[in-house]
Amino acid sequence: YIKALQRYNDFVGRSRRKEYWRFVAFHALIYITLFALDLQISFFAKNPLFIFSGLYFLAALVPGIAVGVRRLHDTEKSGWWLLIGLVPIVGSIWLLVLLVQAGSEGANAYGEDPKASEREKSSKTSEEPVQDILAQAPVVEQPANIAEEPKVVEEDKSDVSRYLPKK
């Protein structure tokens with residue numbers, strides 16, 4: 001939610017489903033809370049104004065449009081597809097389908113894949129400890145005769161890829 005608010009005027013690039021739907025969930029929660037507060041206040045007032053929920057809606061309007069545009073960019077659609085939601089019933093369903101579908105892998109016309117950096121981090125962090133351990137381990141040659149002592153063989157330990165699982 002905070003990330004989407006920080007990029008409130010960024011209509012370029014891509015946003016993951018996770019970023020978009022977290023924004024929508026927090027936005028709905030805050031709006032419902034403020035609306036309930038406005039209902040309580042309007043119960044005692046003669047003229048209900050709904051000030052808090054109205055101000056929050058206006059404040060979150062531009063960030064909501066921006067994160068929606070970036071989400072559509074992740075699915076290789078133009079941000080103008082948000083306007084399809086203005087078509088009664090069918091447009092809202094169509095827009096929901098567009099927002100729910102997975103983003104395209106790799107770079108597209110709107111920018112780099114937002115998941116790519118996470119994939120790189122996870123692959124590096126999972127292989128680095130194994131490489132460190134294997135680089136420190138001595139290579140022991142098993143003797144042909146059981147009575148002999150095993151020998152530690154010095155060899156090039158820089159290539160530890162043979163110890164890693166094949167992809």
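**Close-up 1. The buried residues of helix α4.** In this predicted model, Gly 91, Leu 95, Leu 98 and Leu 99 are the buried residues of α4 (buried means under 20% relative accessible area, exposed over 50% and partly exposed in between, with a 1.4 Å probe and protein chains only). Helices here are DSSP runs of H or I with at least four residues, strands are runs of E with at least two, and both are numbered from the N terminus.

**Close-up 2. Gly 91 and its surroundings.** Gly 91 has a relative accessible area of 2%. Not counting residues up to four places away in sequence, Gly 91 touches Ile 84 and Gly 85 (contact means heavy atoms within 4.5 Å).

**Close-up 3. The largest nonpolar core.** This core has 11 residues, among them Tyr 1, Phe 23, Tyr 56 and Leu 95. A nonpolar core is a set of buried Ala, Val, Leu, Ile, Met, Phe, Trp, Tyr and Cys residues joined through side-chain atoms within 4.5 Å. Helix α3 (51–74) gives the most, with four residues.

**About the model.** Residues are numbered from 1 along each chain as its sequence is written, and side-chain values use heavy atoms, leaving out hydrogens and water. Local features need pLDDT of at least 70 and side-chain atom pairs count only at pLDDT 80 or more, whereas totals for chains, interfaces and linings use all residues.
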